[in-house]
Amino acid sequence: MSTTVEAHRAWILGALEPLPVRSLPLAEAHGRTLAEEVRARNAIPLWDNSAMDGYALRAADVAGASAETPVELRLTGEVPAGSAEDPAIAPGEAVRIMTGAPLPGDADAVVPVEATQGRRGSGWDAGAWSDGAVRVLRAVGPGANVRRRGEDTPAGGRIAAAGSPLPAARLAALAAAGVERLRVRERPRVVVLATGSELRGPGEALRRGQIPESNSLLIAGLLRELGIDAVEVRRSADDAVSLAGTLRELGERCDAVVTTGGVGPGTHDVVRIAAEQEPGVRAVRVAMRPGQLQCAGRLAGGAFLFALPGNPVSAAVSFELFVRPALLAMQGRSDTGRLRLSARAAEGWRGAPGRLQVLPVVVSQGGDGLLCVPAVNLRGVSHAVGGHGGANGYALVEAERGDVASGEDVPVILVGA
Ligand SMILES: Nc1nc2c(c(=O)[nH]1)N[C@H]1C(S)=C(S)[C@@H](COP(=O)(O)OP(=O)(O)OC[C@H]3O[C@@H](n4cnc5c(N)ncnc54)[C@H](O)[C@@H]3O)O[C@H]1N2
Ligand code: MOO
């Protein structure tokens, strides 16, 4: 059966079940997906406070202040950050205040210390802290250098919707809003299985026909970039009988199995042969290059199988287009795609007529926008594991577009850290 990238991805997403929800303290929720809408418990900021180290005062008192006509105010106290004090400030008075400290109720503005003179012995020093009295050299309006209660986020305001990711910045926002725990989706338990009798581990001697195994590192690393530590990373030889048993066993004790290799039409392509015994799994030819041979679906034991082609670039592209969105969707993520940017091809390349070409590229910042160049030898993209290692993105060339000429704009997605 042949299909398009969109149709195969839609089939996968339609067949997935969301993972269970659990409640976690903020500090343990980094990288997960929110399963609830969260509103601010408290306003940000919590109360009107000073944006500067300086003096809290009544703006009307310094309406006529300038360097030539300084206004002298009597100092009655100090409010450092963390202070609960609310000192009274009568007309003609000011208090020292530090950044983040609550603005006294009688004050309506803050003058930064740089716009004042402090008393030093018998004279006045620009920018020096004063006791007793301060000279203000600049007029400020009401509200100047004051951060208003709730001006960033009001109490009860929405901080994040269900399905949102939880990167560091959002966790910081939730902490600032007084949130302590979150309902999030479980992370999927994923097993990685690299198949192929030719594959050897690190340090193992290679005789003719054998190659260093690289897909398990690739897939485990791509999982980690999604915040998922693979529960197990295995290698197996090409044996259809033992592989069928392995899939049965893994299907019952994890949420997803990602295999590489063995999905072709060859006599030793054992993943396809084993997967044919699984009624929930389907093998398709997808109109993309590389990565056209795809096999995915639910194993009898419950886990979702992603059987990716063995060619290393095909495996990486398949992970990006199908596995990544699926693992995010299992966690309830509302937006599982990547931002598509536009980059100018700094050199042209041959397209893949009739298929979506997903070409590993190096994207860089040019003078007037992004540039991209192929990261791999176009003679053989699917196995170009060496060149792929230098790519930081993929160019997406639509099936009907044909070749890409130097200087043309192409959509790209950025991948990796
Ligand atoms: N008659 C046909 N032959 C092939 C077709 C086809 O349509 N008809 N499709 C080609 C395409 S496209 C792909 S992709 C592969 C399908 O590959 P398999 O999934 O069966 O993968 P293998 O044959 O096991 O390996 C392909 C290639 O990749 C190397 N490999 C595999 N696993 C690893 C690993 N873990 N680390 C490093 N390298 C790995 C393997 O040695 C092979 O060179 O079939 C084409 N043929
Ligand atoms: O399925 Mo292959 O991945 O096009 O190289």
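Arg272 is buried in this predicted model, at 18% relative accessibility, where buried means under 20% relative accessible area, exposed over 50% and partly exposed in between (1.4 Å probe, protein chains only). Its salt-bridge partner is Glu276, with 3.3 Å from N to O; a salt bridge here is a side-chain nitrogen of Lys or Arg within 4 Å of a carboxyl oxygen of Asp or Glu.

By the same rule, the count reaches 21 salt bridges. One of them pairs Asp48 with Arg148 at 2.7 Å, N to O. This pair links distant parts of the chain, 100 residues apart: Asp48 sits in the loop between strands E3 (38-39) and E4 (49-50), and Arg148 in the loop between strands E12 (146-147) and E13 (158-160). Strands (E, at least two residues) are DSSP runs numbered from the N terminus. Asp48 is partly exposed at 26% relative accessibility, and Arg148 is likewise partly exposed at 34%. Asp229 and Arg224 form another salt bridge, their closest N and O atoms lying 3.3 Å apart, and both residues are exposed.

The domain assignment, automatic or from a database, gives domain 1 (2-19 + 187-330), domain 2 (25-42 + 158-184), domain 3 (49-147) and domain 4 (341-414). Over C-alpha atoms, the centres of domain 2 and domain 3 are 38 Å apart.

Residues are numbered from 1 along each chain as its sequence is written, and chains are lettered from A and ligands numbered from 1 in the order written. Local features need pLDDT of at least 70 and side-chain atom pairs count only at pLDDT 80 or more, while totals for chains, interfaces and linings use all residues; side-chain values use heavy atoms, leaving out hydrogens and water.

Note on methods: Helix = DSSP H or I, 4+ residues; strand = E, 2+ residues; numbered from the N terminus.
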